[in-house]
Amino acid sequence: MTTGVVRAALVQTNWTGDKESMIKAHEDYARDAAAQGAKVICFQELFYGPYFCQVQDAAFYEYAEAIPGPTTERFQALAAELGMVMILPMYEKEQEGVLYNTAAVLDADGTYLGKYRKNHIPQVKGFWEKFYFRPGNLGYPVFDTAVGRVGVYICYDRHFPEGWRALGLNGAQIVFNPSATSRGLSSYLWQLEQPASAVANEYFIGAINRVGVEDLGENDFYGQTYFVDPEGKFVGEVGDTHHPELIIRDLDLSLLGTVRDRWQFYRDRRPDSYNGLVQP
């Protein structure tokens, strides 16, 4: 298990109006984070686009691209230049008509390590995601990176405890949860669910949410991006509720061993008694 202090970064921002300007803005965020000593960064859900799932319009299929592909490769070069692990939440096109809500994971030398595909897909007002995405089919991978073992869970996934636990069983030390979630719908859960999941599964979580109201609907994305430690404590302040912000925090991974020695949740699990949980 990786120990020591990792300086980590999260980005919450608003829609700039087009894909290229969003990509450039995130390149600038990454450079700023690196200048402040960050060694890992995660962007928000569907980072280079608007949150188009507020409507059901096939025109937005054009935002999908191969992973790895042009955006992945562009950030692979940047990751290598900055010596920074990067998590890139994007719209993935596997083949015509086969589209996923995905995050690519890049190591600090620019190596493409793999991807996570969002497993739980909502279909409610303002979040018409089944129109755009298939459910993920890659399980709950954890990636060996220069900053430790990193997992990804995406937005609506966070309401499902099974995936959080799978990431822990797969060895995650830091799990990033890039999101696009609206003030009126879920804000009462935002500072509850991820801290509870960090405690239950004994790892750090980076929870990211975009900010602002976009012209596609009424969703008011409320920011409040944060890191939480395995004791359920916020690492530094929670992000702003209305404005873009680069969140940089030091995560002391030695706390993982301390907490896991204190609370033996993995030792005391009873998987032999959980068979009913996997029945449809």
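## A buried arginine and its partner

Let's start with R158, which counts as buried because its relative accessibility is 3%. This is a predicted model, and in it the side chain of R158 meets that of E193 in a salt bridge, with N and O 3.6 Å apart. The two residues come from distant parts of the chain, 35 residues apart: E193 sits in helix α4, while R158 belongs to the loop between β9 (148-152) and α3 (161-169). E193 is buried as well, at 15% relative accessibility.

## Other salt bridges

The count of salt bridges comes to 20. One of them joins K118 and E45, at 2.9 Å from N to O. K118 is in the loop between β5 and β6 (123-124) and E45 in the loop between β2 (40-42) and α2, so this pair ties together parts that lie 73 residues apart in sequence. K118 is buried at 0% relative accessibility, and E45 is buried with a relative accessible area of 0%.

What about the pair D144 and R149? Their closest N and O atoms are 2.6 Å apart in a salt bridge. Here D144 counts as exposed, at 51% relative accessibility, whereas R149 is partly exposed at 24%.

## The six-stranded sheet

Now for a sheet. Its 6 strands follow the order β5-β4-β3-β2-β1-β15, with mixed pairing, and the sheet is open. β5 (112-117) and β15 (245-252) are the edge strands; each has a single partner, so one side of each has no neighbour in the sheet. From one strand to the next, the twist averages 30°.

β5 pairs with β4 (residues 98-106) in the antiparallel sense, over 5 bridges. In β5, G114 is the bridge partner of V105. Helix α2 (residues 70-82) packs on the sheet and touches β3 (85-95), β4 and β5, its direction making about 165° with that of β3.

T71 is part of helix α2. It counts as buried, at 3% relative accessibility. Setting aside residues up to four places away in sequence, T71 touches K19, I23, F47, Y48, E65 and M90.

S182 lies in the loop between β10 (174-179) and α4 (183-201), and is buried at 7% relative accessibility. Where does the side chain of S182 reach? It comes to 3.2 Å from the backbone nitrogen of D220. Beyond its neighbours within four places in sequence, the contacts of S182 include F127, S187, N219 and Y222.

## What the record lists

An unreviewed UniProt entry lists residues 6-253 as "domain: CN hydrolase". Over that stretch the chain is 23% helix and 31% strand, and the end C-alpha atoms are 7 Å apart.

Conventions. Residues are numbered from 1 along each chain as its sequence is written. This is a predicted model: local features need pLDDT of at least 70, side-chain atom pairs count only at pLDDT 80 or more; totals for chains, interfaces and linings use all residues. Side-chain values use heavy atoms; hydrogens and water are left out. Helices (H or I, at least four residues) and strands (E, at least two) are DSSP runs, numbered from the N terminus. Buried means under 20% relative accessible area, exposed over 50%, partly exposed in between (1.4 Å probe, protein chains only). A polar contact is a pair of N or O atoms within 3.5 Å; within protein, one must be able to donate a hydrogen and the other to accept it, and residues adjacent in sequence count only if both atoms are side-chain atoms. Contact means heavy atoms within 4.5 Å. Two strands pair if DSSP finds at least two bridges between them. Axes are lines fitted to C-alpha atoms, for helices over the stretch in contact, and angles run from 0 to 180 degrees between N-to-C directions. UniProt positions are given in the numbering used here, feature names are shortened, and annotations may be inferred rather than shown by experiment. A salt bridge is a side-chain nitrogen of Lys or Arg within 4 Å of a carboxyl oxygen of Asp or Glu.
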